[in-house]
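Dear colleague,

I am handing over a protein structure for you to look through, together with some notes on what turned up in it. Please open it beside this email and follow the residues along as you read.

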Amino acid sequence: MSSLSANEDCLGWAARDASGVLSPYSFNRRAVRSDDVSIKITHCGICYADVASTRNEHGDSKYPLVPGHEIVGIVQEVGSNVNRFKVGDHVGVGTHVNSCRDCEYCNDEEEVYCVKIPVLTFNWVDDDGTITKGGYSSYIVVHDRYCFRMPDDYPLASAAPLLCAGITVYSPMIRHKMNQPGKSLGVIGLGGLGHMAVKFGKAFGLNVTVLSTSISKKEEALTLLGADKFVVSSDEEQMKAEAKSLDFIIDTAAGDHPFDPYMSLLKTGGVLVLVAFPSEVKFHPASLNIGMKTVSGSIAGGTKLTQEMINFCDAHKIYPNIEVIPIHYANEALERLIKRDVRYRFVIDIENSLK
């Protein structure tokens, strides 16, 4: 196979400063190495991490910054040692593109918890000293270990959000055995992550209750997503009526919120898993100690579980609810994401709009 030149331009959209405003940007990807896969990007989902990084919310943004870690596309070249993929395959790339491959977590295919810290898909230093650039771009070159096979019949636009939103809720649900039919699950928040938690919960055979401050989301939760119950979490009477009713809660709410009211909904031995990043987590010790409850945290997932999740979605016909947009709408989409004005995940049509 012919080798792509390291000097070949990759077209993307990048933020140049903490304003976060994206605009066209040309840059170079590395040449394909022996274990690499070069992927023509067709779609890229928009995650709140894109907002945080482009606007330097964590103080570590490296500009120009090309965001995007919900990447899907078509293999256009493979390195000489790559046997898992071939040209033309549908593949995906998620939140990380490298790790040490030698620690206990990498050996267990939980690379996202790599002891030496995994290399994130964008705004991170890779092993060659370059700064990683994400999926708001025409193609990407990634070590084949961190690529995922997408079923040929699974729509690529729908597949993109699985690589972050999907795996972020699927991973702790599997870890904490939230896949036992007949058990009860509460989902706090009904955004990109929350709506996937509802879909997984129903596929696992759980009784799913959506916990939200927005009564406007009730009809969608019950009719569109198939939740069994909707509770307005700011209504004390509704919350009291649900006391000790849930085996599990998965908390996807990024904004600051009280935890004690939600802890009161757990049965004895119940588990609350936090997958978002509010500024603080505060609850009374009695909320934890009385009732033998567990509070746990989680981020995305390793390569093994991510591929399992993709296969599960294909087998059960689980598709994220998406709004497909052109790349030139990306700035408006990020603003709408901040305002929570999306049902439920923006996906950029890279192939047809990034020219």
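What radius of gyration would a compact globule with 355 residues have, and what does the protein have? Such a globule would come out near 20 Å, and the protein has 20 Å, which agrees; the radius is taken over C-alpha atoms, and the globule rule is 2.2 Å times the number of residues to the power 0.38.

Before going further, please keep in mind that this is a predicted model, in which local features need pLDDT of at least 70 and side-chain atom pairs count only at pLDDT 80 or more, while totals for chains, interfaces and linings use all residues. Residues are numbered from 1 along each chain as its sequence is written, and side-chain values use heavy atoms, with hydrogens and water left out.

**The whole protein**

Taken along the principal axes, the C-alpha atoms fill a box of roughly 65 × 40 × 35 Å. The protein has 12 helices and 17 strands, where helices (H or I, at least four residues) and strands (E, at least two) are DSSP runs numbered from the N terminus. Of the 355 residues, 55% count as buried; buried means under 20% relative accessible area, exposed means over 50%, and partly exposed lies in between, with a 1.4 Å probe and protein chains only. The protein exposes about 14,900 Å², of which carbon and sulfur atoms supply 51%, the areas coming from the Shrake-Rupley method with a 1.4 Å probe. Among the contacts (heavy atoms within 4.5 Å) with a separation of 6 or more, 66% are between residues 24 or more positions apart.

Helix H4, residues 165-175, is mostly covered, since 9 of its 11 residues are buried. The buried residues of H4 include Ala165, Ile167, Val169, Tyr170 and Met173. Just after H4, Lys177 takes a positive phi of about 60°.

**Charges and salt bridges**

There are 35 positive and 43 negative side chains, and the centres of the two sets lie 3 Å apart; here Lys and Arg count as positive and Asp and Glu as negative, while His and the chain ends are not counted. For each charge, the place is taken as NZ of Lys, CZ of Arg, CG of Asp or CD of Glu.

The structure holds 17 salt bridges, each being a side-chain nitrogen of Lys or Arg within 4 Å of a carboxyl oxygen of Asp or Glu. One of them joins Glu111 and Arg145, with the closest N and O atoms 2.9 Å apart. Glu111 lies in the loop between helix H2 (104-107) and strand E7 (119-120), and Arg145 in the loop between strand E8 (139-143) and strand E9 (147-149), so this pair ties together parts that are 34 residues apart in sequence. Glu111 is buried at 0% relative accessibility, whereas Arg145 is partly exposed at 23%.

Another salt bridge brings together Lys267 and Asp247, at 3.5 Å from N to O. Because Lys267 lies in strand E14 (residues 266-274) and Asp247 in strand E13, the pair ties together parts that are 20 residues apart in sequence. Lys267 is partly exposed, at 31% relative accessibility, and Asp247 is buried, at 13%. Elsewhere, Arg30, Arg33, Asp36, Asp126 and Asp127 are linked in a network of salt bridges.

**Backbone details to check**

Most residues other than glycine have a negative phi, and most peptide bonds are trans. With that in mind, where are the cis bonds that I noted?

- The peptide bond from Tyr63 to Pro64 is cis, with omega near -5°, and Pro64 sits in the loop between helix H1 (48-54) and strand E4 (70-78).
- The peptide bond from Arg343 to Tyr344 is also cis, with omega near -5°, and Tyr344 sits in the loop between helix H11 (330-338) and strand E17 (345-349).

Glu109, although not a glycine, has a positive phi of about 60°; it is found in the loop between H2 and E7 and is partly exposed at 35% relative accessibility. Arg340, again not a glycine, has a positive phi of about 60°; it is found in the loop between H11 and E17 and counts as exposed at 61% relative accessibility.

With best wishes
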